[in-house]
Amino acid sequence: MALSGMRGLSVFISDVRNCQNKEQERLRVDKELGNIRTRFKNEKGLSPYEKKKYVWKMLYIYMLGYDVDFGHMEAVSLISAPKYPEKQVGYIVTSCLLNENHDFLRLVINTVRNDIIGRNETFQCLALTMVGNIGGREFAESLAPDVQKLLISSSCRPLVRKKAALCLLRLYRKNPDVVNVDGWSDRMSQLLDERDLGVLTSVMSLLVALVSTNHDAYWSCLPKCVRILERLARNQDVPQDYTYYGIPSPWLQVKTMRALQYFPTIEDPNTRRSLFEVLQRILMGTDVVKNVNKNNASHAVLFEALALVMHLDAEKEMMSQCVALLGKFIAVREPNIRYLGLENMTRMLMVTDVQDIIKRHQAQIITSLKDPDISIRRRALDLLYGMCDVTNAKDIVEELLQYLSTADFAMREELALKAAILAEKFAPDLSWYVDVILQLIDKAGDFVSDDIWYRVVQFVTNNEDLQPYAAAKARDYLDKPAVHETMVKVSAYILGEYSHLLARRPGCSPKEIFSIIHEKLPTVSTSTVAILLSTYAKILMHTQPPDPELQDQIWAIFNKYESCIDAEIQQRAVEYFSLSRKGAALMDILAEMPKFPERQSSLLKKAEDTELDTAEQSAIKLRAQQQQQASNALVVTDQRPANGSLPVGQLSLVKMPSMSINVDADVAGQGLTNTNGTLSIADPQPATPSADLLGDLLGPLAIEGPPSAVAPSEQNLMSGSGLEGVSNAMDALALAPVEEQSNSVQPIGNIAERFHALCLKDSGVLYEDPYIQIGIKAEWRAHHGRLVLFLGNKNTSPLVSAQALILPPSHLKMELSLVPETIPPRAQVQCPLEVVNLRPSRDVAVLDFSYKFGTTMVNVKLRLPAVLNKFLQPISVTAEEFFSQWRSLSGPPLKLQEVVRGVRPLFLPEMANLFKSFQLMVAPGLDPNPNNLVASTMFYSESTRAMLCLIRIETDPSDRTQLRMTVASGDPVLTFELKEFIKELLVSIPKPSIAPAPAPPQVQPVSPAAGSLDPGAMLAGLL
Amino acid sequence: MIHFVLLISRQGKVRLTKWYSPYSQKERTKVIRELSGVILTRGPKLCNFVEWRGHKVVYKRYASLYFCMCIDQDDNELEILEIIHHFVEILDRYFGSVCELDLIFNFHKAYYILDEILIAGELQESSKKTVARLIAAQDSLVETAKEQASSLSNMIAHATK
């Protein structure tokens, strides 16, 4: 108590502690707050000591969880006090009570600045600490230069400089521009020579933040980081104070390795070798010891080293060492190490080639799923989810299902979703998939989102073989004593559609089916009642010959719900009632649902979205996204026959578009003309499949537009006009050779458009047809690129004789990893492709891909989006830099000028956007003439290294189809190629993606009738 | 980075809070309530990490006090765990075998010490000796000022003002 030095404060704290209950405490606190408030009001009488005391009391009360809504001003005003004791209290209490957005902070910016630039070292420290802890944007703007000065000043002592480094880090986080000043990267490099390890630790934190957003500027820091790491790892010249349980500053080691993870590669062989030596030493030399702190510290370093090894994609030998270590960790008793072992193994999955070794630990990982610690269970679940593939899906999903019954509520939803996704992605056969989902609903109905059961309905609808099986299963589940409502929904839906397939089995007569479903009606919500009504109508329709007793029963129900308060139910009841009196016509109206168009699973999409939301800007996370993206390639597949056309029998099951429209016309009493055939030209693949499409399909009438499954086959039968439409839409540039057109397999979507889209983004679909989808994901770093091709077999039988050949242009060095000859059913293989850009060129690489499906040989030649702009990186230059460069690059061949005519007219902002999308940084206002546009970018290739390119466009506002363009760079070839590249851009702008086939005008009158079609497709038809 | 530091007693009383990311008053209260619920109920032999709202909380119990630090998903957990221990060792050295009472009655000292260890949610100083020296220097500055204030001449000046 003596230490506190403030009697009043100690007494108050004791009083609060002595309170018997919360109520007493509140009274005591309220009394004190009242006291402080009065004292503050008569401020004149307050001595500095008293002021300090009250401010501390306020902080204490605040900490206890009470609102303190006054007195902030008094705390802040202490900052301006002339003496150290008051100032200190002012700074500390302010930084505890207020956050960066508080208005009062603005009032003291000047005082704070004076303290920072003043000569009093202790004041400097106080000010830097507060700004470092709660400084906001305004502080960043007004204080950054002063803080920088302190950091690099040779006259400042380490205690000030280390605070300045972290303060600057905070200001940089609030406004990154504050550090984007000339030569700062050189300063950083110099700062890494610092001898004082306290300063160096702070500087390293700053460096981590800087390189995480822009590593390019800090290449010179890389070898120095390696040297620091070497020095620490070998314990050379590390003062005793800075060793922690015998380990030379573990924190600095961790931070240094973290900084290194933001550099894409280490090119210098010597640096790389030294780094690997150090890493090897850490990996091999870390032993488990008794002392827990020493253990933690050494493993903190070890795990960071593992992350760095993974990032650098080290030699295979080192990788397998890492996996072996992790394998050891996930089996130890110590929970922290086990947790981290599981976590890092999940990260390891992103590295190719180690999955098989990880799979060996499956049993061990499953044990962790049953660990008493939820943190560990979560990690185990994540890892199992990540490592699941076709070979182990059955085991893993069954484990997850088993675990579901005992899992804590906090995890069930995630667990259910993950099990559903895995079951869908890797189902060895579809009946297993149906089993899994039904079990899932049975065990954890509350945690199964609608998406999951929609999905199972889609599968069942699209796969005839599955329908009797699913119906029988659904029937079985309804016998259980307590049935979850979601189970009622899915069972009712499936039985409505397919129970007639079971009619001969015992207990499956229409009457029995009806009564077992109807039993559930009193307990379900309105949305389910609506589904049940549809089911009844369907059962009625399927009952042949009609059963008058059942009919009366069902009509009575419809009658009852005709006056239901819920409009949806009321409408269904009325409509079904009158429809079911139409007799035979009912057969057509309530016919089986058509197949669903192929679409990406909304579940997978959901999983991706959440991953992306939480993704952080770090090397590891970026890789994780890449992994996630891979699942894009999976879509629902119809089980189409091998030769790509539908047999007549199947067509008859699926209603023809014209038929359904005619029925609709009858019902609605409108005389719509027969539009047979025209609909099939309309966008065969709805452009934007919406997740809730199924909701529409559950609507009262089963009248549907053309299921897309029909469209491709019809297209083949179509007269010339249809095909013309398709080929017209293909860009003339598309490298779609004649043989591809003669392939019996039609690509889905426009190849040229997909290529153009991929020129602007780094991931997406390159090619798709009914059998395969080729996705691409690329990462570009300077003149290196790493593409991953995702070859996804969409079918339930394997694709064989797969072959991929890269035809690289002379300026690209490309290396494709081995492509397996067979792609297993519904599986996806990843083929990494390394690209090195040797010199500037606009030539394009081509992927020659072929495969065999059944007897069909398919060969496509696809342009790869390794185009010039991928090797550009936008860079902003100041006016001074720009003009001095511009002047020094005088005339051809380094600076080329051309008047371009026939340009597609664009307003300047549009052009600026176009440039931006191609990585050209537009510098507004740099050119005094408002009709001109100036841009800069950095080009990377092996021959030119990083080279600055400058572009100037002079437009003529009276004639936007012509302009004058000047391009300059330090390399004549680059200047020429870039100029031509931009010219191509401006003359022919890749169109935004439109529906591949133009919609003929006849479609329009049909659209309203096809109202339940995908809204996106409808819109495309209207446009 | 460390988003915040929390010291909570086993009974759920807050002994110190420090926020390096901007949280409003409401959010702060909510965070404390939620985390006390999660952490205080965890058994003794579990790991020191809790996943919470897309972040991780690294915590360690020393006698009746839980020291918690909230970090990003991909930060190094063990490194943070040892920052906690580093902080505890410095408190221990300063108070001489620190106990919860020391931190209750001298909570402001704990804040001073924390400010010498962390800034902007990053580790500032990893030498215990250096931190101890700086804190001692601060204390003596305060002492000197106090002596000056209570010196006779000062009192006279004050009285005749």
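Author: Start with two strands of chain A. Strand β4 (residues 772–781) and strand β5 (residues 784–793) run antiparallel and are joined by 10 bridges. Keep in mind that this is a predicted model.

Reader: What makes β4(A) and β5(A) count as paired?

Author: The cut-off is at least two bridges between two strands. β4(A) and β5(A) have 10. Therefore they pair. E779(A) stands opposite R786(A). R781(A) faces H784(A).

Reader: How many residues lie between β4(A) and β5(A) in their hairpin?

Author: There are 2 residues between them. One residue in the turn, A782(A), has a positive phi of about 50°.

Reader: Which other strand is joined to β5(A), and by how many bridges?

Author: That strand is β8 (residues 828–837) of chain A, joined to β5(A) by 9 bridges. The cut-off is at least two, so this is a pair as well. Again the strands run antiparallel. G785(A) has V835(A) in β8(A) as its bridge partner.

Reader: Why is β5(A) called mostly covered?

Author: A residue is buried when its relative accessible area is under 20%. In β5(A), 8 of the 10 residues are buried. So "mostly covered" follows from that count.

Reader: What is the strand order of the sheet that holds β4(A) and β5(A)?

Author: The order is β3-β4-β5-β8-β7 in chain A. These 5 strands form an open sheet, and the pairing is antiparallel.

Reader: What makes β3(A) and β7(A) edge strands?

Author: Each pairs on one side only. Their ranges in chain A are 763–768 for β3 and 812–816 for β7. Between neighbouring strands of this sheet, the average turn is 25°, direction ignored.

Reader: Which helix lies across β3 and β4 of chain A?

Author: Helix α41 (residues 751–760) of chain A does. Its direction makes an angle of about 160° with β3(A).

Reader: Which strands make up the open sheet of 3 strands in chain A?

Author: They are β6, β9 and β10, in the order β6-β9-β10. The pairing is antiparallel here.

Reader: Why do β6 and β10 of chain A stand at the edges?

Author: Each has a single partner strand, so one side of each lacks a neighbour in the sheet. β6 covers 800–807, and β10 covers 856–863. In this sheet, neighbouring strands are turned by 10° against each other on average, direction ignored.

Reader: Now a helix. How do you know how the span of α16(A) sits against the expected one?

Author: α16 (residues 292–312) of chain A has 21 residues. From first C-alpha to last, it reaches 30 Å. The expected span is 1.5 Å times one less than the number of residues. That gives 30 Å, so the span of α16(A) is close to the expected value.

Reader: Why is α16(A) described as largely enclosed?

Author: Because 19 of its 21 residues are buried. The rest of the structure encloses α16(A) for the most part.

Reader: What makes N291(A) a cap for α16(A)?

Author: One of its side-chain oxygens lies 2.7 Å from the backbone nitrogen of N293(A). A polar contact needs N or O atoms within 3.5 Å, so this distance falls inside the cut-off. The cap sits at the N-terminal end. Just after α16(A), D313(A) has a positive phi of about 50°.

Reader: Is T94(A) buried or exposed?

Author: T94(A) has 1% relative accessibility. Buried means under 20%, so T94(A) counts as buried. T94(A) belongs to helix α5 (residues 84–97) of chain A. Leaving out residues up to four places away in sequence, T94(A) touches several residues, including A75(A), V89(A), L105(A) and I134(A).

Reader: What share of each chain is buried?

Author: In chain A, 58% of the 1023 residues count as buried. In chain B, the share is 62% of 161 residues.

Methods
Residues are numbered from 1 along each chain as its sequence is written. Chains are lettered from A and ligands numbered from 1 in the order in which they are written. This is a predicted model: local features need pLDDT of at least 70, side-chain atom pairs count only at pLDDT 80 or more; totals for chains, interfaces and linings use all residues. Side-chain values use heavy atoms; hydrogens and water are left out. Helices (H or I, at least four residues) and strands (E, at least two) are DSSP runs, numbered from the N terminus. Buried means under 20% relative accessible area, exposed over 50%, partly exposed in between (1.4 Å probe, protein chains only). A polar contact is a pair of N or O atoms within 3.5 Å; within protein, one must be able to donate a hydrogen and the other to accept it, and residues adjacent in sequence count only if both atoms are side-chain atoms. Axes are lines fitted to C-alpha atoms, for helices over the stretch in contact, and angles run from 0 to 180 degrees between N-to-C directions. Contact means heavy atoms within 4.5 Å.
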